[in-house]
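User: Please take a close look at one part of this model. I would like the contacts set out with their cut-offs.

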Amino acid sequence: MVPMAASASSTAECSGDDCTHAVAIDSTHYDTLQEAINAVSADVDNTVISVLKDLKPADVNADKKEMQFCKEGQNVTLELNHHKIVTDNLEAINIDAANVTLTIQNGREKFQRISSKGNKN
């Protein structure tokens with residue numbers, strides 16, 4: 001018997017009611033929001049990350065922390081689809097890179113705190 005490690009992953013094979021993923025970029029679904037953020041390339045004009053369900057801390061980040069934007073030049077629209085995002089941190093978003101554009105739309109609740117440590121020019 002070969003041991004298999006469990007890990008968070010993305011997949012393009014997902015069907016409607018059976019989908020348990022947190023978010024999607026086009027037809028690729030991700031277990032966590034952070035995985036999708038990490039998959040966003042800086043050379044794309046605007047990447048839409050669609051939230052597929054209300055997100056609990058483990059759905060946001062495997063470490064149950066805030067979502068983190070650490071790649072310079074990312075341009076992301078976070079389409080909440082009227083879902084909410086809950087994290088264990090006081091800060092829901094940490095932007096620690098230059099020239100990051102983040103648009104958040106169609107949410108149910110407002111984020112209370114945003115950390116923007118990397119406001120580098």
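Among contacts between residues at least 6 apart in sequence, what percentage joins residues at least 24 apart? Then, which residues does valine 51 contact, leaving aside its neighbours within four places in sequence?

Analyst: The percentage is 65%, where contact means heavy atoms within 4.5 Å. The model is predicted, so local features need pLDDT of at least 70 and side-chain atom pairs count only at pLDDT 80 or more, while totals for chains, interfaces and linings use all residues. Residues are numbered from 1 along each chain as its sequence is written, and side-chain values use heavy atoms, without hydrogens or water.

The chain has two helices and nine strands, in the order β-β-β-α-β-α-β-β-β-β-β from the N terminus. These are DSSP runs numbered from the N terminus: H or I of at least four residues for helices, E of at least two for strands. Of the 121 residues, 36% are buried, meaning under 20% relative accessible area, with exposed being over 50% and partly exposed in between (1.4 Å probe, protein chains only).

Valine 51 sits in strand β4 and is buried, at a relative accessible area of 1%. Beyond its neighbours within four places in sequence, valine 51 contacts Ala22, Val23, Leu78, Glu79, Leu80, Asn81 and His83.

One is valine 23, which lies 28 residues from valine 51 along the chain, yet their C-alpha atoms are separated by 4.5 Å. Not counting residues up to four places away, valine 23 also touches Thr28, His29, Tyr30, Thr32, Leu33, Ala36, Ile49, Ser50, Leu52 and Leu55. Val23, Leu33, Ile49 and Met67 touch the most other members of the largest nonpolar core, which has 23 residues. Such a core is a set of buried Ala, Val, Leu, Ile, Met, Phe, Trp, Tyr and Cys residues joined through side-chain atoms within 4.5 Å. Two or more of its residues come from each of β2 (23-25), α1 (33-39), β4 (47-51), β5 (67-69), β6 (75-79) and β7 (93-95). Helix α1 gives the largest share, three residues. In soluble globular proteins, nonpolar side chains tend to be buried together.
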